[in-house]
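Hello,

Here is the structure I promised to pass on. My notes follow below it.

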Amino acid sequence: TKRSRGYPPTSHAPGGGYAPVVTAQPTTVVVMTNQNFRDVPVNTVCQFCNQQIITCIRFQDGLLTYLACVGICLIGCDLGCCLIPFCLDSCKDVVHTCPNCNHKLGKFSRTRPGTGNQN
Ligand SMILES: [Zn+2]
């Protein structure tokens, strides 16, 4: 019998110091805390940087802005009047961002039923 030599035995047992790492899976819990974001800054904990922050708000042209624009146009206002809604923050969606990490935390949409209109 002829045994081909040259193959090192594959007994590559890990030596000391190497322990099998049993990582607890970092479950990225995106807890969308159903916070009632309104059109004012809210005191909350940022889910991205875990800091106690007060959200920065930014007004954004939302559906209601355009609806108001169209509505005013239909009523028959002259040119210019239909631009009024774009100047009214009360018609706009409100985007809440974290002042610390600038992540978007939530949005308050005035056209979405059931959000923020309780109480
Ligand atoms: Zn943050």
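Is Cys46 buried or exposed? Keep in mind that this is a predicted model. Cys46 has a relative accessible area of 0%, and buried means under 20%, so Cys46 is buried.

Now the metal site. Cys46 is one of the residues that coordinate the zinc ion through SG. Along the sequence, the donor residues follow the spacing C-x2-C-x48-C-x2-C. The angles between the four donor atoms at the zinc ion are 102 to 119°, so the arrangement is tetrahedral.

Next, the strands. There is an open sheet of three strands, in the order β3-β4-β5, with antiparallel pairing. β3 (56–60) and β5 are the edge strands, and each pairs on one side only. Neighbouring strands in this sheet are turned by 25° against each other on average, direction ignored.

The pairings in detail:

- β3 with β4: antiparallel, over five bridges. Arg58 has Val95 in β4 as its bridge partner.
- β4 (residues 93–97) with β5 (residues 104–108): antiparallel, over four bridges. Val94 stands opposite Phe108 in β5.

β4 and β5 also form a hairpin, with six residues between them. Asn102 sits in the turn and has a positive phi of about 65°.

Best wishes

Methods
Residues numbered from 1 in each chain as written. Predicted model: local features only at pLDDT ≥ 70, side-chain atom pairs only at ≥ 80, totals over all residues. Heavy atoms only, no water. Donors = N, O, S within 2.8 Å, 3.2 Å for Na, K, Ca; no water. Tetrahedral: all angles 85-135°; square planar, octahedral: opposite > 155°, others 65-115°. Buried < 20%, exposed > 50% of the residue type's maximum accessible area, 1.4 Å probe, protein only. Pairing = 2+ DSSP bridges. Helix = DSSP H or I, 4+ residues; strand = E, 2+ residues; numbered from the N terminus. Axes fitted to C-alpha atoms, helices over the stretch in contact; angles between N-to-C directions.
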